[in-house]
Amino acid sequence: MSKQQQMDTIQAMVKDIKYTMMTTRTSENHLHSCPMNTTETSIGAKEIWFIGHSPCETINNIKNDPQVNLAYVSQDNKQYLSITGKAELVDDKDKLDELWSMTYNAYFEKGKEDPKVQLIKVVPHGAEYWANGNAITSAVKLTAAAVTDNAIEKSLGENFSIELS
């Protein structure tokens, strides 16, 4: 698979999955994860956008250490994606206007004019993708491997890592 095909696979997966788990590092050096709604993604432009709520632990953690991880799982639990990157807290009214939807009014009392609205842009550095094949085929292969004591990891599905920076 070419690098462009890998990037297209990542782009399509992130676009199809509404929520990710964003992991940040606390000031005590612990990991903290929370669900976030991905509002816009352009892997080619190296931008993944979120609308967050400030103040909150995630925003405070990004201020302290901007390195984040985004974990995506497809609805059928057959595709997995981990993206590493650097988060930026952005103040851009035009971008907020572009990303805003009426759904966010449920989270912010004053809509997009609410001072608690915080744009977050993640600039991805790299990604790792896993895709499971057919569940029945995988079960048969796992059983055969257990009986024959042979590793089959390469034939269970697709996996690739890609540098994006």
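Student: Leaving aside neighbours within four places in sequence, which residues is threonine 9 in contact with?
Tutor: This is a predicted model: local features need pLDDT of at least 70, side-chain atom pairs count only at pLDDT 80 or more, and totals for chains, interfaces and linings use all residues. Residues are numbered from 1 along each chain as its sequence is written, and side-chain values use heavy atoms, leaving out hydrogens and water. With contact meaning heavy atoms within 4.5 Å, the partners of threonine 9 beyond those neighbours are Met1, Tyr129 and Phe160.

Student: And which helix holds threonine 9?
Tutor: Helices here are DSSP runs (H or I, at least four residues), as are strands (E, at least two), numbered from the N terminus. Threonine 9 falls within residues 3-16, that is, helix α1.

Student: How wide an arc do the buried residues of α2 cover?
Tutor: In α2 (residues 57-64), Thr58, Ile59, Asn61 and Ile62 are buried, meaning under 20% relative accessible area with a 1.4 Å probe, protein chains only. They sit on the same side of α2, because the arc they cover around the axis, taken from the directions to the C-beta atoms, is only 160 degrees.

Student: Nice! Which residues form one aromatic cluster?
Tutor: Rings of Phe, Tyr and Trp (its six-membered ring) pair if their centres lie within 6.5 Å; planes under 30 degrees apart are stacked, over 60 edge-to-face, and the rest tilted. Tryptophan 100 and tyrosine 104 make a tilted pair, at 5.3 Å and 40 degrees. Tryptophan 100 also pairs with phenylalanine 108, again tilted, at 5.9 Å and 50 degrees. The cluster is therefore Trp100, Tyr104 and Phe108.

Notes: Buried means under 20% relative accessible area, exposed over 50%, partly exposed in between (1.4 Å probe, protein chains only).
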